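Please keep the model open while reading.

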Amino acid sequence: MNKLVTGFALGLIVGILYAPDKGTTTRRRIVDKGNDLKDQFADFIDSVASRFEDRADDLEEYVHEETENLKAESI
């Protein structure tokens with residue numbers, strides 16, 4: 001993961017240095033791309049959190065059912 005981030009940063013720097021556009025245009029594109037990446041990362045984190053919540057709910061339901069089954073068997 002570290003190499004990926006380093007490669008991305010180096011590519012960004014080289015792209016800025018050799019950019020054919022004006023500085024204001026390039027900076028605007030960088031900000032837009034950064035915002036897009038931030039939004040994608042937030043969506044990814046939300047997706048992972050949702051999966052964990054779903055699994056936790058499933059596990060809680062399973063434990064409750066098994067507890068009830070054990071109580072019924074012991075009676």
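## Nonpolar patch

Patches are made of residues with over 30% relative accessible area and no salt bridge; like charges are joined within 9 Å, and nonpolar side chains (Val, Leu, Ile, Met, Phe, Trp, Tyr) within 5 Å. Accessible areas come from the Shrake-Rupley method with a 1.4 Å probe, and for residues only the protein chains shown count as cover. Leu-10, Ile-13, Val-14, Leu-17 and Tyr-18 make a nonpolar patch of about 590 Å². Val-14 sits in helix H1 (residues 2–17). Val-14 counts as partly exposed because its relative accessibility is 46%. (Buried means under 20% relative accessible area, exposed over 50%, partly exposed in between; 1.4 Å probe, protein chains only.)

## Model and overall form

This is a predicted model: local features need pLDDT of at least 70, side-chain atom pairs count only at pLDDT 80 or more, and totals for chains, interfaces and linings use all residues. Residues are numbered from 1 along each chain as its sequence is written, and side-chain values use heavy atoms, with hydrogens and water left out.

The protein has 2 helices and 0 strands. Helices (H or I, at least four residues) and strands (E, at least two) are DSSP runs, numbered from the N terminus. The radius of gyration is 24 Å, whereas a compact globule of 75 residues would have one near 11 Å. That radius is taken over C-alpha atoms, and the globule rule is 2.2 Å times the number of residues to the power 0.38. Along the principal axes, the C-alpha atoms fill a box of roughly 80 × 25 × 10 Å. Of the 75 residues, 1% count as buried. The protein exposes about 7,000 Å², and carbon and sulfur atoms supply 60% of it.

## Negative patch

A negative surface patch includes Glu-53, Asp-54, Glu-66 and Glu-73. Lys and Arg count as positive, Asp and Glu as negative; His and the chain ends are not counted. Glu-66 lies in helix H2 (residues 23–74). At 33% relative accessibility, Glu-66 is partly exposed. Glu-73 also lies in helix H2, and at 64% Glu-73 counts as exposed. Glu-66 and Leu-4 are 62 residues apart in sequence and 45 Å apart in space, C-alpha to C-alpha.

## Salt bridge

How many salt bridges does a search of the whole structure find? The search finds 1. A salt bridge is a side-chain nitrogen of Lys or Arg within 4 Å of a carboxyl oxygen of Asp or Glu. Asp-58 and Arg-55 form a salt bridge at 4.0 Å, N to O. Asp-58 and Arg-55 are separated by about one helical turn, because they are 3 residues apart in helix H2. Asp-58 is partly exposed at 44%, and Arg-55 is exposed at 56%.

Definitions and conventions. Charge placed at Lys NZ, Arg CZ, Asp CG, Glu CD.
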